[in-house]
Amino acid sequence: MAHWMKHEIYTRVPKYYSVYARNEGTHSQDGIRYDNDSVLRAESVDLEIAGIRPGTVKIADCAFRDCSKLREVVIPDSVTEIGRCAFTGCTALESVIIPNGTAKIGDNAFYGCTALRTVVIPDSAAKIGANAFRDCPLENVAWKENGLTYWRDKVIGADTDIAEADIREGITEIGPGAFSGCFGLCSLRFPDSLLRIGDSAFTYGWGGWDGCFGSIRAYKDRPLLETLILPPNLVSIGGDAFRDCSALKSVVLPESLKEIEDGAFSGCSALQAVDIPAGVTAISCYAFSDCHSLQSVTIPDSVTALGEGAFIECTALKSVHLPAGITGLGEDVFSGCTALQSVTFPDSLAQIGDFAFSHCTALKSVNLPSALTDIAPCAFNGCTGLSEETKAEIQKRIRQ
């Protein structure tokens, strides 16, 4: 090769290629060249997956520039700096999670990543350079702050070792499973702006084994969160939201609340009392099932429906006064409430489902309104405390 041709090639190739290629201290791993604790560059622009090794501190300038086939990059928590133009022109890259601890994102770092729609930016990123995400069609930009991950006006995740969660003002929703597995959570503050708590928000494994405020704890040195005061503008509590939060003794529901979804407080075995606010129109299936310490519940006149198993196995519940708007009771609604001694039915009640009061062995008597003409055959199965007179009257109204 002519001397002038060799010189021409070196002047056209980016500087880092020629310099680092001659650095005997560098080495390669999985298609990536490193120098000690830094990523220097991709070995080939055809690299599709970049799994940066743990312990890496810096991604150098232009490290993955124009790797147009790069569709996935895993950045370890050890990375503190992403250099200038590090991922410029990675046109196949669709999402990036920048780890907590990254302090600097250089100029043009993701410039021209024309498929990049989702980015998680940590609160540690004190400096984001000029044009860092220019020409990226970002739709979902999430950021981390104090152990919480936000997207738009929603909390979408939390570090599992988080102890205190102070949700920022302006957030309107806690997303599904956002605090799943956060067993160390001992302090929680909701903003007044919060409107919705999503399905399984504080339940481990999405309806699984234990809630955030429960007995299976990874951090036994931290105090259990026993009292929950929900914010004043909350409208909806999602299905299984606080399921199996077995240390929760008290919860204050705001007057703004409209919906308590299926299994919302199921398995909150230390919960002692519930005052349902007047805006709620229905208590969904298994909403308070297996709340074994629940001694009293106040149900407002606004409630017109109690779902299947809503209070099943609430074994400490002694009395229930059903509101005037109730026309029917679902299956198993108070089944297994072995301490239940008295129930007041409204005049509007017309139907009682199967096993609704099954094995309520302490139940002595019930008033049967004239409108009540449809009682399922097993509605009072195992209610051994009922008088023969009451049993006879119930039998007359058993559905045929």
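Modeller: A search of the whole structure finds zero disulfides, a disulfide being a pair of cysteine sulfur atoms within 2.5 Å. C85 is in none, and the nearest cysteine sulfur, that of C62, is 4.6 Å away. This is a predicted model, in which local features need pLDDT of at least 70 and side-chain atom pairs pLDDT 80 or more, while totals for chains, interfaces and linings use all residues. Residues are numbered from 1 along each chain as its sequence is written, and side-chain values use heavy atoms, without hydrogens or water.

Colleague: Is C291 buried or exposed?

Modeller: Buried means under 20% relative accessible area, exposed over 50%, and partly exposed in between (1.4 Å probe, protein chains only). C291 has a relative accessible area of 0% and is therefore buried.

Colleague: Which residues have the most contacts inside the largest nonpolar core?

Modeller: In soluble globular proteins, nonpolar side chains tend to be buried together. A nonpolar core is a set of buried Ala, Val, Leu, Ile, Met, Phe, Trp, Tyr and Cys residues joined through side-chain atoms within 4.5 Å. Here the largest has 78 residues, and F179, F357 and F380 have the most contacts inside it. A second, separate core of 33 residues includes V79, F87, L116 and C136.

Colleague: What does F380 touch?

Modeller: Contact means heavy atoms within 4.5 Å. Not counting residues up to four places away in sequence, F380 touches several residues, among them F345, F357 and I394.
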